[in-house]
Amino acid sequence: MFTTLNYSPNFDLKKRKIKDIKFIVFHYTGMKNEKQAIRKLTDTNSKVSSHYLIKNNGEILTLVPDLYIAWHAGISHWKKYKSLNKNSIGIEISNPGHDFKYKKFSKKQILAILKLSRFLFKKYKIKANNFLGHSDIAPDRKIDPGEKFPWKYLSKKKIGYWHSLNNQKLLKERSLSTNNYEKMKFSRNLHIIGYTNKTKKNKKKYFKIICSAFQRRYRQELINGIIDKECLSISENLLKKLK
Ligand SMILES: [Zn+2]
């Protein structure tokens, strides 16, 4: 194995089955420094953990073995799944995050993300569209791993997926307003992709949040929660890939 063991006590004692592992969820640590982050993820009192942690220098730590349920996702939804801890492997990537000068992921980290993702993809036959960000599954609470996460690069290596639209063409659609029919279509597309908008109160506000989560992942240059023609085109193109 290419990882270093550094166990965390924060996991469910009951073992799960290999077939329960369906998703990979990426996070950033969001703490001022790496040592602090590792301490937190391995501290009994914190009640949080993940399966892996990728350090700034690209070193990969195993905190919880894959067949145990780590505590990384919290309240979360994706398609028909709820509380994704039981069905996912959590990967934390060292980065101070938006609270402490969010920075670009290092080359070494990106190579480590790729190596680990490929390994898990093969081992558990994870579908391309089941590689997710924490913000995809908990959009009202989380914005990690954030808009600097290399989704586009990873998709070229068959980890996750990305649209195949021409960037120049897309740029012309940026900020062009959509009508009600198009908004509805976009909302439906997001639902098919997996984003859920189950909420009792303030559906409009919640939808804006989901739209931002979508942008943070697929239109990383502008995150404003407004459905423009570019967002609609991207969602249409992604749907074709899901079929
Ligand atoms: Zn997270």
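Student: Which residues point one way from β9, and which the other way?

Tutor: Keeping in mind that this is a predicted model, Ser88, Gly90 and Glu92 point to one side of β9, while Ile89, Ile91 and Ile93 point to the other, and all of them are buried.

Student: How many of the residues of β9 are buried?

Tutor: The count is 6 of its 6 residues, and β9 is accordingly described as mostly covered.

Student: What order do the strands of the open sheet have?

Tutor: The sheet has 6 strands in the order β1-β5-β4-β9-β3-β10, and its pairing is mixed. The edge strands are β1 (4–5) and β10, each of which pairs on one side only.

Student: How many bridges join β3 to β9, and do they run parallel or antiparallel?

Tutor: Strand β3 and strand β9, which covers residues 88–93, run parallel and are joined by 6 bridges. Within that pairing, Ile24 has Ile89 as its bridge partner in β9, and Tyr28 stands opposite Ile93.

Student: And which residue in β10 does Ile24 stand opposite?

Tutor: That residue is Phe131, and the pairing it belongs to, between β3 and strand β10 (residues 131–133), is parallel with 3 bridges. On β4, residues 52–54 pair with β9 in the parallel sense, again over 3 bridges, with Tyr52 standing opposite Ile91 in β9.

Student: Why is β3 largely enclosed by the rest of the structure?

Tutor: It is largely enclosed because 6 of the 6 residues of β3, which spans residues 23–28, are buried. Both faces are covered, with Phe23, Val25 and His27 buried on one side and Ile24, Phe26 and Tyr28 buried on the other.

Student: Switching topic, what are the protein donors of the zinc ion?

Tutor: The zinc ion has His27 (ND1), His134 (ND1) and Asp144 (OD) as its protein donors, and they lie 2.0 to 2.2 Å from it. Along the chain, these donors follow the spacing H-x106-H-x9-D. His134 belongs to helix α3 (residues 134–137) and Asp144 to the loop between α3 and α4 (151–156), so this pair ties together parts that are 10 residues apart in sequence.

Student: Are His134 and Asp144 buried or exposed?

Tutor: Both His134 and Asp144 are buried.

Student: Last topic, the helices: at what angle do α6 and α7 pack?

Tutor: Helix α6 (residues 180–193) and helix α7 (residues 203–218) pack at about 65°, their axes being 11 Å apart, and α6 passes α7 in a left-handed crossing.

Student: Which residues meet there?

Tutor: From α6 come Phe186, Ser187, Leu190 and Ile193, and they meet Phe207, Ile210, Cys211 and Phe214 of α7.

Methods: Residues numbered from 1 in each chain as written. Predicted model: local features only at pLDDT ≥ 70, side-chain atom pairs only at ≥ 80, totals over all residues. Heavy atoms only, no water. Axes fitted to C-alpha atoms, helices over the stretch in contact; angles between N-to-C directions. Helix = DSSP H or I, 4+ residues; strand = E, 2+ residues; numbered from the N terminus. Left-handed = near helix turned anticlockwise from the far one by under 90°. Contact = heavy atoms within 4.5 Å. Donors = N, O, S within 2.8 Å, 3.2 Å for Na, K, Ca; no water. Buried < 20%, exposed > 50% of the residue type's maximum accessible area, 1.4 Å probe, protein only. Pairing = 2+ DSSP bridges.
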